[in-house]
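Me: I'm new to this one. Can we walk through it together, one bit at a time?

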Amino acid sequence: MIVILDFGSQFTRLIARRFRELRAFSLILPGHASLEEILKLEPKAIVLSGGPSSVYDQDAPKPSDGVLELPIPILGICYGMNFLAQHLGGKVEAATVREYGKSVLSSYNGALFAGVDGEFIAWMSHGDGVKSLPNGCTVTCSTSDTAIAGFEVLESKRYGIQFHPEVVHTPKGAKILENFLSIVGVARDWTAEHIVEDLITDIRAKVGSDKVMLAVSGGVDSSTLALLLQKAIGDQLTAVFVDHGLLRLGEREEVRTALANADLRVVDASEPFLNALEGISDPEQKRKIVGREFIRVFEREARELEALGYRWLAQGTLYPDVIESAGGIGAANIKSHHNVGGLPEDLEFELLEPFRLLFKDEVREIAQVLGLPDAIRLRHPFPGPGLSIRILGDVTREKIDILQRVDSIFIAGLKEWKLYDSVWQALAVLTPVRSVGVMGDGRTYSYLVALRAVTSIDGMTADWARLPFEFLEFISTKIVNAVPEVNRVVYDITSKPPATIEWE
Ligand code: XMP
């Protein structure tokens, strides 16, 4: 594998992504990771990321002693290049002309540029520059403002580039990274099939003949993990699916079908959830109640399974979560379970997180290899509190039933019109508003529903999806015709911010 040392660049994660797209396995460690920690991973190469500091600052972050002396190829990007240059005896100063954004290399050559020709657009983001290099270093590229925009030391395989090859704004950047992989000679076999084989071997080695429990939500991560564990350890796995009565139409059956071969405990907890929600219309209170009830049910199940000798609690934690929670890669064997909605400390499970080094799209690829139905694999996100936060005001069984039918028509319509995959999330909201309508010569006084579809990258910001008017007309007619409790449909055209995606 390749170890990427992170010095705080906003693009560090992209470097790992690009390598994985090139089918090479890489991991991000904090820039100051110890030599011992790095050696444990037996890396074939090291990449020093960019970062906001200046290498000549007193407190500039730096790799641990000995890391830059390792006899393996090292690639420094931006800050990483400056650090490498300084370490080798070069001089780094504030640049006379800073470069932010698009630059064009005026010349380039050297091992990283093998097979590259034509104009090379390089995306830059630097205020410092390498002013001089020691003997033995060769300049590999320049721009009109930066004489030393890259260098190499062929013998020791040290490479520096001032620009960011990992961003899409450097169109030929992937070729640079691919050339680095060729120089390193790292295996390019990081395919979904290979990952599945590796994960299965690891899980079997770790778990042995122990029993494992897994909470499934019907989302892609936990469903994929259920299939993987099923394949790895068969009937040592018990999956627990809590139906809180706030699911979408047919969702329980979908999960049951997808996990038909697993030992699946479907816990029907709709009574306690809906009883607890009765008469509650404040959104925050609803969320808290659902959270609390979920923990109660899961705790009960967990205790029962613990008593039955279950030792492991499996979770679908992903790599971005691991990096973001400062736990880092070193913390592999955490014995805690607070990630599962606040379970009590005295439950003695060990945590099994086979996806903790994977990205979401890798999990989706694995899901495909394992045969998870596309209906779940490519499904839009669905909030934990379920339909309770899409029913404005108090939640009743009747309203859940209405919303389930509306939502199902909307989602099926999006799929039928081949629009489903072009939006990030689509949902229907049942409002407490009733309005007057006319149907078949008669007056109606029925519910108003709102449809919402958004485009987004990560849900943090979102724009309303420009669904075709013809589709909106079709779906509005269909909903009003099929759901007699509804006589008016509106489409939400607010972005996030200022609105949120969900209405509550
Ligand atoms: P908002 O409404 O905050 O939602 O713009 C952003 C994304 O998060 C989902 N969401 C949740 N997911 N538990 C979840 O698992 C929750 O309590 C929750 N609330 C919102 C929402 O569906 C959207 O995808």
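Me: Where does Arg23 lie?
Reply: Arg23 sits in the loop between helix 1 (12–21) and strand 2 (26–30). Keep in mind that this is a predicted model.

Me: What is the phi of Arg23?
Reply: Its phi is positive, about 70 degrees, although Arg23 is not a glycine. Most residues other than glycine have a negative phi.

Me: Next, cis peptide bonds. Which residue does one join to Lys496?
Reply: Pro497. Omega there is about -15 degrees. Pro497 lies in the segment after strand 19 (486–491).

Me: And which residue does a cis bond join to Pro498?
Reply: Pro497 again, with omega at about 10 degrees. Pro498 is also in the segment after strand 19. For context, most peptide bonds are trans.

Me: Switching to the ligand. Which residues are around it?
Reply: Here they are: Arg287, Pro381, Pro383, Gly384, Pro385, Trp424, Gln425, Gly459, Lys496, Thr500, Ile501 and Glu502. Lys496 is the residue from that cis bond with Pro497.

Me: How many in that shell are nonpolar, polar and charged?
Reply: Five are nonpolar, four polar and three charged.

Me: What lies 2.5 Å from an oxygen atom of the ligand?
Reply: A polar side-chain atom of Glu502. An N or O atom in the side chain of Gln425 is 2.7 Å from a ligand oxygen atom. Gly384 uses its backbone: an N or O atom there lies 3.2 Å from a ligand nitrogen.

Me: How much of the ligand does the protein bury?
Reply: The protein buries 67% of the 490 Å² that the ligand exposes when taken alone.

Me: Last topic, helices. At what angle do helix 5 and helix 11 cross?
Reply: Roughly 85 degrees. Their axes come within 9 Å. Helix 5 covers residues 192–207, and helix 11 covers residues 360–370.

Me: Which residues make the contact?
Reply: From helix 5, Ala192, Glu193, Ile195, Val196 and Leu199. From helix 11, Glu365, Ile366, Val369 and Leu370. By class, the contact has seven nonpolar, no polar and two charged residues.

Notes:
Residues numbered from 1 in each chain as written. Predicted model: local features only at pLDDT ≥ 70, side-chain atom pairs only at ≥ 80, totals over all residues. Heavy atoms only, no water. Axes fitted to C-alpha atoms, helices over the stretch in contact; angles between N-to-C directions. Helix = DSSP H or I, 4+ residues; strand = E, 2+ residues; numbered from the N terminus. Contact = heavy atoms within 4.5 Å. Nonpolar A, V, L, I, M, F, W, Y, C, P; charged D, E, K, R; others polar. Near = heavy atom within 4 Å. Polar contact = N/O pair within 3.5 Å; in protein donor to acceptor, adjacent residues only side chain to side chain. Areas by Shrake-Rupley, 256 points an atom, 1.4 Å probe, with all protein chains shown as cover.
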